[in-house]
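The entries follow the order in which I looked things up.

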Amino acid sequence: MPAPFEVVNYVNQFFAGQGGEERANQPVVVAEGPMGSARGLQQHLGGAGVIVGTIYGGDNYVNEERATAFDAIAAGIRKLAPDVVVAGPAFNAGRYGLACAEVCRIARDMGIPSVTAMFPENPGVLSYKRDTLVIPTSESPAGMAAAQKELARLAVRLARKEELGPAAAEGYLPRGIRMLGYREAPAASRAVAMLIQKMNGKPFRTELPLEMPEVVKPAAPIVDMARTRLALVTSGGLVPKGNPDKLPGGPSDVWFSYPIGGLPTMTSDRWESVHVGFYTNIVNQNPNYVVPLNLVRELAGRGVIGSVYDRYLSTSGRGTSVSVSKCIGTEMAAELKANKVDACLLVAT
Amino acid sequence: MAKEIERAGIPVAVISALYSLALTTGAPRVVRGARIEHVCGNPRLSAEKDRDYGMRIIMTALKSLQTNVTGPTLFDPEVEMAGMAV
């Protein structure tokens, strides 16, 4: 039996067992052996692979202190010298998924095969789409065992340097890469067969899924800022204290606008953030950090901008899907247009 | 969200600490924010310096709104407001 291959598992502070949002600023740590959820991955690897180290970092830290964090992760991988790097599974945790995509990129730059796993809507899927092997997972960590089983399976194949087949066959998300291959029937026969299925309302599988990148022509720039009505929008989940309209903490399929006319600034007694994807303590003490009313009021007072729209628009961005975000954006645009808003600041957390 | 508002003809300055992500999703005008937990300022600074820090971010955002962009573009306050008074 071949010697077990060596694996490094990257996880975030929570899955390393270090804590939740309060530890999101945790610097990168390189630990020996499997820690936290990596123990589960070890079980799935069985005797085929051994986890020689767990690298973990806080979700805020790895995304904000990028250079320092990536250097530390790279140094850790170099020191542990694994055959394969496994990142996650991140499920639908956005910052974690982004970090996992970077970890895979770091491994790739070092010539080490890597694989990660996350929910298909996780923004981490977008980071290096064509270069990263991403196994789709459930949205919540309830799918941990299934995800780790798949991660282990692909890790073994990578360690053995086996060539992977197409996404559908191997169980990873399609990357948009086409490879030359052999089909049994000529194209004309396949096309007609597909057409017959389609015309009979029967299921068929396209050979070329068209992924139209959503490119939007940017709006024309503002010419006269001094006459511009500026609106404040946020996905930071800021609402009146008590959350009277019950804005979800994320994901959210609704949004609300609230009056700020006559208010010089946002204060902790009137507002709070219900966003569940970050530690809201600081924003709750000073809501201007996500709805910068004090600053735009000053600018309006100085004549730098014409006026501030007398409502701010709010939703919670955590885990909110692209399609839902699109709907929310369209609806927000309608309110903004109806109220003659010329430009917006959109603060995202 | 930002793209839909831009589509309606209203320029949007997306202010985010996760600026890479905002650029990847295709938002045309992206402004580098401070941190996830305090995007438009820094609570560790004095009130005056916090206001200056935040104002740099907002002024950068205004600059982005007045800039013609053809695709996702990053506006970094460290670059755009270097040496300028707020």
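Entry 1. I looked up helix α3 (residues 47-65) of chain B and found that α3(B) lies across β12 (343-348) of chain A together with β1 (12-16), β2 (29-32) and β3 of chain B. α3(B) runs at about 165 degrees to β2(B); angles run from 0 to 180 degrees between N-to-C directions, with axes fitted to C-alpha atoms, for helices over the stretch in contact. Helices (H or I, at least four residues) and strands (E, at least two) are DSSP runs numbered from the N terminus.

Entry 2. I noted the provenance: this is a predicted model, in which local features need pLDDT of at least 70 and side-chain atom pairs count only at pLDDT 80 or more, while totals for chains, interfaces and linings use all residues. Residues are numbered from 1 along each chain as its sequence is written, and chains are lettered from A and ligands numbered from 1 in the order in which they are written.

Entry 3. I traced the sheet: seven strands form an open, mixed sheet in the order β9(A)-β11(A)-β7(A)-β12(A)-β1(B)-β2(B)-β3(B). Strands count as paired if DSSP finds at least two bridges between them. From one strand to the next the twist averages 25 degrees.

Entry 4. Where do the chains join in the sheet? β12(A) and β1(B) pair in the parallel sense over five bridges, and A:Cys344 has B:Val12 in β1(B) as its bridge partner.

Entry 5. I counted the interface: 41 residues of chain B are in contact with 46 residues of chain A, contact being C-beta atoms, placed from the backbone, within 7 Å. On the side of chain B that touches chain A, α1 (2-7), β1, α2 (19-24) and α3 each supply at least two residues.

Entry 6. I turned to a helix pair in chain A. The axes of α1(A) (residues 38-45) and α6(A) (residues 144-159) come within 8 Å and cross at roughly 55 degrees. That makes α1(A) oblique to α6(A) (under 35 degrees is roughly parallel, over 145 roughly antiparallel, 65 to 115 roughly perpendicular, the rest oblique). Among the residues that meet are A:Leu41 and A:His44 in α1(A), and A:Gln148 and A:Ala152 in α6(A).

Conventions: Contact = placed C-beta atoms within 7 Å.
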